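These are my notebook entries on a structure that I examined for the first time. I record what I looked up, in the order in which I looked.

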Amino acid sequence: MKWGVLTLGQRRRLFCGFVLLPETLFVLLVILYPLYLTFKLSFFEVDLYAISKSLTTPPTLRNYANMLSDVAFWHSLKVSGLYTLFATPLTFLVGFGLALLLDQPLRGRRVFRVLLAMPWAIPTAVASMVFMVIFDSSFGVANYLLARFHLIPGNIDWLGSPSTALATIIVTTIWKNCPFFMLMLLAGLQAIPAEFYEAARVDGAGRVRQFVSITLPALRSVITISLMLNALWIFREFDTIYVMTAGGPNRMTESLALSIYQEAFKFLHVGRASALGIVTFVVCLGIVLVCQKPLRKEFYS
Amino acid sequence: MKPALPRHWSKDLGPHWQMLSIYSLLGLAVVLLLFPLYWMFLIATLHDDQLLLYPPVFLPDRGLFLHPFARIFVDRPLVQWLLNSTYVAVLTTVISLGVSALGGYSLSRIKTPESRVMGAMLLLVRMLPGTLLIVPLYIVFHRLHLIDNRVTLVIANTSYIIPFGVWMMKGFFDGIPKEIEESAQVDGCTIFGAFVRVTLALSRPGLAATAMYCFVFSWGELLFARTLINSGQKGTITAGVTTYIGDTTISWNDMMAASLLACLPVLIIFLFLEKHLVRGLVAGSIK
């Protein structure tokens, strides 16, 4: 069949199918195949040095059994859960607050927006190092300022003591992640037609009323999606924890993401790391399923 | 005698107070959010004997001390790292942008069951944690003898970016009526020509936003960069600066100088392209 014989519509469709190829290749080779490999390896007890050989042992459920009976696994699940549960809503609230401020008719709004969005561009590892310096136990400026305003009694070893390490990581996460949600929500706010607010004002609705009856409903799907993305990102966050505490002190901040890395590249237990990976995947899948409806609307509309 | 206040001040005190509080809240937010960046800059330019003072020094009152910036280049292969990062980030951006634009176009224009499956797959893929992919990717690249190769990093980063990139570009193309490109085709443009000259040309802000996302991501990426590259010479700057952690021979000003260097290129790009990001997000995430 020659190209010339096809109708324009057929040619268009062929073109659309053709340009989808590179993406399909990438998804299959670099994403779905590795995912399949993880699933497979989670049933074998292999170590990282033996991975180039073929698997000779029969598949086993031992990785999963070991994992489920391991206190450290439940602990890391708890750490990931706590981290996500605290950091997600807080990051979201900060981002939403900033977006609402920036949505006002201001002079120099663009300058404010650029300045407030800057943390997004900073590499997470660099941000984490700066926060390590700020929260240093003896010479950190955080201790100085907080003590100066009598908010803490004495110097705190923020990253070294079990009760504050995760909180410090959460603060860093909020700083690094809030700009993206600010921008996303700001985009949502600016898509709301001004006539809605005018009509509400004519009807005598106050600011709070306008916020509850117009802003929130209009932003519903953006809010769900940004909360979901945020939760997923934070649940699998690696860089911040790896740089700031490497899981310490005393494994208090060892999240699932970090234990996968440790199992695979420190203890070389590829099978166990894969089993942990599958658990992470299932949890993330759960988060997505909760938010399925707005997601569908968003992707297929 | 006190000068009289402008009359509308007393009449219209409400909105003025409101604007004032909004500005002061914004000012406070700027101070809080930019403080860590200021602190990085400050520490990087302090004299060696000012580092461990308590109370800490808040202003570079003895002038900027630039020795750290000279020392760090002697101490570690920073130039090489910066070049590696540039190589990885630019190549990742070009490839990801191409693949995302083509894929996003296709998903935006055909609504068949297959493209829906692809869309669902992308959604699924978006939630895969990097830590989940790193183990199998390491194994695959190990078998291909591609560990310690910068191209590996480009492929890994691209795989991570594509789902988001396609999604963002699809949103942009959805906003461009297909009648425009169809009329170009009727006027004698080839389908590909119409795609490049009409559709892509109209979605330049979307391309800019996606490109910036790709660049920022691959510049700051740490997990792949640390595991897929083993030798110090071939690493990226982001992975490189993390080698300062726990190194007791390194002083804070050197560490912060290197950190500053690691984020300057990406900050500059950000400042140039920031305005497109919001537009890209409007198109990509809101409908």
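**Entry 1: Chain B as a whole**

I began with burial in chain B: of its 287 residues, 48% count as buried. I note here that this is a predicted model.

I then looked up the secondary structure. Chain B has 13 helices and zero strands, and its pattern along the sequence reads α-α-α-α-α-α-α-α-α-α-α-α-α. I also looked at how far apart in sequence the contacting residues are. Among contacts in chain B between residues at least 6 apart in sequence, 78% join residues at least 24 apart.

**Entry 2: Domains of chain B**

I consulted the domain assignment, which divides chain B into domain 1 (12–67) and domain 2 (76–285). The centres of these two domains of chain B, taken over C-alpha atoms, are separated by 32 Å. I found seven residues of domain 1 of chain B in contact with seven residues of domain 2 of chain B. On the domain 1 side, the touching residues are six nonpolar, no polar and one charged.

**Entry 3: Where the chains meet**

How many residues of chain A are in contact with chain B? I recorded 80 residues of chain A in contact with 79 residues of chain B. Helix H2 (residues 21–41) of chain A supplies the largest share of the chain A side, ten residues. By class, the chain A side has 63 nonpolar, ten polar and seven charged residues.

**Entry 4: Helix H13 of chain A**

I next asked how many of the eleven residues of helix H13 (residues 256–266) of chain A are buried. Nine of the eleven are, and the helix is mostly covered. The buried residues are A:Leu256, A:Ala257, A:Leu258, A:Ser259, A:Ile260, A:Tyr261, A:Gln262, A:Glu263 and A:Ala264.

I then looked up what covers them. Within chain A, the buried residues of H13(A) pack against helix H4 (71–102), helix H12 (239–244) and helix H14 (270–290). They also pack against helix H6 (130–143) of chain B.

**Entry 5: H13(A) against H14(A)**

I examined one of these pairs in detail. The axes of H13(A) and H14(A) come within 8 Å and cross at roughly 160°. Because this angle is over 145 degrees, H13(A) is roughly antiparallel to H14(A). The crossing is left-handed.

From H13(A), the contact uses A:Leu256, A:Ser259, A:Ile260, A:Glu263 and A:Ala264. I noted the general rule that residues three or four places apart in an α-helix point the same way, because there are 3.6 residues a turn. From H14(A), the contact uses A:Val270, A:Arg272, A:Ala273, A:Leu276, A:Gly277, A:Val279 and A:Thr280. By class, this contact has seven nonpolar, three polar and two charged residues.

**Entry 6: Loops on either side of H13(A)**

A:Ala246 is found in the loop between H12 and H13 of chain A. Its phi is positive, about 55°, although A:Ala246 is not a glycine. A:Ala246 has 15 other C-beta atoms within 10 Å, so I recorded it as partly exposed.

A:Leu268 lies in the loop between H13 and H14 of chain A. This residue is also not a glycine, and its phi is positive, near 60°. A:Leu268 counts as partly exposed because it has 15 C-beta neighbours inside 10 Å.

**Entry 7: B:Leu137 in helix H6 of chain B**

I returned to helix H6 of chain B, where B:Leu137 lies. Is B:Leu137 buried or exposed? It is buried, because 25 other C-beta atoms lie within 10 Å and the cut-off is 20 or more. Leaving aside residues up to four places away in sequence, B:Leu137 touches A:Pro34 and B:Ala156. I also checked B:Arg76, 61 residues apart from B:Leu137 along the chain: their C-alpha atoms are separated by 28 Å.

**Entry 8: H7(B) against H10(B)**

Last, I looked up a helix pair in chain B. The axes of helix H7 (residues 150–174) and helix H10 (residues 204–220) of chain B come within 10 Å and cross at roughly 160°. The two helices are therefore roughly antiparallel to each other, and their crossing is right-handed.

The residues of H7(B) in this contact include B:Asn157, B:Ile161, B:Phe164 and B:Met168. Among those they meet in H10(B) are B:Ala209, B:Tyr213 and B:Phe217. By class, the contact of H7(B) with H10(B) has nine nonpolar, five polar and no charged residues.

How values were computed
Residues numbered from 1 in each chain as written. Chains lettered and ligands numbered in written order. Predicted model: local features only at pLDDT ≥ 70, side-chain atom pairs only at ≥ 80, totals over all residues. Contact = placed C-beta atoms within 7 Å. Helix = DSSP H or I, 4+ residues; strand = E, 2+ residues; numbered from the N terminus. Nonpolar A, V, L, I, M, F, W, Y, C, P; charged D, E, K, R; others polar. Buried ≥ 20, exposed ≤ 12 C-beta atoms within 10 Å, placed from the backbone. Domains from an automatic or database assignment. Axes fitted to C-alpha atoms, helices over the stretch in contact; angles between N-to-C directions. Parallel < 35°, antiparallel > 145°, perpendicular 65-115°, else oblique. Left-handed = near helix turned anticlockwise from the far one by under 90°.
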